[in-house]
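Colleague: Could you walk me through this model before I set anything up with it?

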Amino acid sequence: MKNPFLPLAKKLHGKLKPVISRKQNQKIYKELQQLYPLESIEKLQDAFSVKKLAVILGILVIGIVSAVFLQLCSRMENRLAEGMCLIRNEWDAGDYKVTLLAETEKWSREIPFLVKARRLSQEEQRKLQEKLYAELPDLIKKENTDLEHVTSDLNLVSSVVGYPFQLTWDSSDYKKINRDGKVARDEVDTKEEVDLTVTVSYGQEKTSFTYKVFLLPEMSDEEEQFFQSLQDLLFAIDTDGTSRRQIVLPGSLQGKSIVWKEVKKNYTVLIIFLAIFGSVMAVRGMEKDLEKECRKRNQQLLSDYPGFVSKLRLYMSAGLTVKNAFYRIMKDYENPQKQKKSYLYEEMRISCHQLENGVTEEQVYREFGKRCGETRYRRLSFLLAVHLKQGNSQLLTILAQEADGAQEDRRNIAKKAGEEAGTRLLFPMMLMLVLVMFLVLLPAYLDFGNI
């Protein structure tokens, strides 16, 4: 599928091209020159830059549109109606949390508030109450160390995910711990014990658990008491009107008027940052793919080198010159049955075209080795250029030695690749060994209990 941002990327690249320094793209320029020696490198480099720019524009536009859409959806989903009413969900839509900003002439604070769904009728599912009894202390302690050292509010949840129970909390002293888990620390002078009872409802069945809670004294100021009273009032309003569709928030408390606002999280900056980060990673990935293609080219050249030297030696032994041997090898590569792309063939075709256009053989062979880039091709091109005037007898001996060395290098490369493959398989083999040992030892470990 064609990138729809390509036309815009081309226009933008045309304006930015004079600013882009050639030194910054030398690596990509060299890699493209190696991979596509028969094409215009400048055009390829421009096309590659346009493609990168189109990817960047696409990711940035998607990120910005997502951020704007999320912001619009957040504004449309306004829970606070008419400034003082919270709309309840229907009973099958579930509860939702809202963060309220309570502002007075003197104070302001964000209050997290759980708006319960309108209760019509519910069918509970039975769960193991013993497991819930063991998990509740860790759930309700909130920021406290445990229930024996309570210095801050508790999280008296009305339900637990994964359990079908409705939880109702009772305290032996509501002045110190109310139904919402608020701890009145100003009422505690010394370490005091409070019984916290939870009633677990399942249909018509009810079971109660009791926990010992120890409160530690801590002073509270006027502002803390005000917002504690405000949260107690919110809880009372929510409890008394569970069947109503709206919750009317108080407009004043203790002679102080309250202005309510809904606090919404803004993810716009995060999404734009992720879009920029994604663009950078996408461009980096494109450059990595280009590097990988160059490594693949070099490996293919090394793999084709022994066969190329052997053919060159064979044709020269038959009486052909180096130039005619190059033509004959190129014709072999032009066989239509060979569908695989050959980088060596492309380099040889360039050399043959240079020979046909009157370029000296010495220059052609040197440039051939330079374009291939590998050490063996450079050495071979040097030998061909040096021995042009010395005849084929000495050159054939050198080519025989070169072919033997290339075959040995090819065997070493294959051996190294096999060793690397064995190393990569070591970790999966160790995982399988651990799994087998676990399956063998587990029955033996379980049988120890019967001895």
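**Buried and exposed positions, then helix packing**

Colleague: Where is Asp 238 found?

Modeller: Asp 238 is part of helix α5, which covers residues 222-240; helices here are DSSP runs of H or I with at least four residues, strands are E runs with at least two, and both are numbered from the N terminus. Please keep in mind that this is a predicted model, in which local features need pLDDT of at least 70 and side-chain atom pairs count only at pLDDT 80 or more, while totals for chains, interfaces and linings use all residues. Residues are numbered from 1 along each chain as its sequence is written, and side-chain values use heavy atoms, with hydrogens and water left out.

Colleague: OK, and is Asp 238 buried or exposed?

Modeller: Asp 238 counts as buried, because its relative accessibility is 3%; buried means under 20% relative accessible area, exposed over 50%, and partly exposed in between, with a 1.4 Å probe and protein chains only.

Colleague: Which residues is Asp 238 in contact with?

Modeller: If its neighbours within four places in sequence are set aside, Asp 238 is in contact with Arg 88, Phe 113, Leu 114, Lys 116 and Ile 247, where contact means heavy atoms within 4.5 Å.

Colleague: What about Glu 347, buried or exposed?

Modeller: Glu 347, which is found in helix α8, is buried, since its relative accessible area is 1%. Not counting residues up to four places away in sequence, Glu 347 touches Gln 34, Pro 37, Arg 297, Phe 368, Arg 371 and Cys 372. With Pro 37 the sequence separation is 310 residues, and yet the C-alpha atoms of Glu 347 and Pro 37 are separated by 7.2 Å.

Colleague: How do α6 and α7 cross?

Modeller: Helix α6 (residues 268-317) and helix α7 (residues 322-333) have axes that come within 9 Å and cross at roughly 130°, which means α6 is oblique to α7. On the α6 side the contact uses Asp 304, Phe 308, Lys 311, Leu 312, Tyr 315 and Met 316, and on the α7 side Val 322, Ala 325, Phe 326, Arg 328, Ile 329, Asp 332 and Tyr 333. By class, this contact of α6 with α7 has 9 nonpolar, no polar and 4 charged residues.

Colleague: And how do α2 and α6 cross?

Modeller: The axis of helix α2 (residues 26-35) comes within 10 Å of that of α6, and the two cross at roughly 40°, so α2 and α6 are oblique to each other. The contact is made by Lys 27, Ile 28, Glu 31, Leu 32, Gln 34 and Leu 35 of α2 with Glu 287, Leu 290, Glu 291, Glu 293, Cys 294 and Arg 297 of α6. The contact of α2 with α6 has 5 nonpolar, 1 polar and 6 charged residues.

Colleague: Switching topic, what is the phi of Gln 254?

Modeller: The phi of Gln 254 is near 55°, a positive value in a residue other than glycine, and Gln 254 sits in the loop between β9 (252-253) and β10 (256-257). Most residues other than glycine have a negative phi.

Colleague: Is Asp 404 buried or exposed?

Modeller: Asp 404 counts as exposed, because its relative accessibility is 54%, and its place is in helix α11 (residues 392-424).

Notes
Axes fitted to C-alpha atoms, helices over the stretch in contact; angles between N-to-C directions. Parallel < 35°, antiparallel > 145°, perpendicular 65-115°, else oblique. Nonpolar A, V, L, I, M, F, W, Y, C, P; charged D, E, K, R; others polar.
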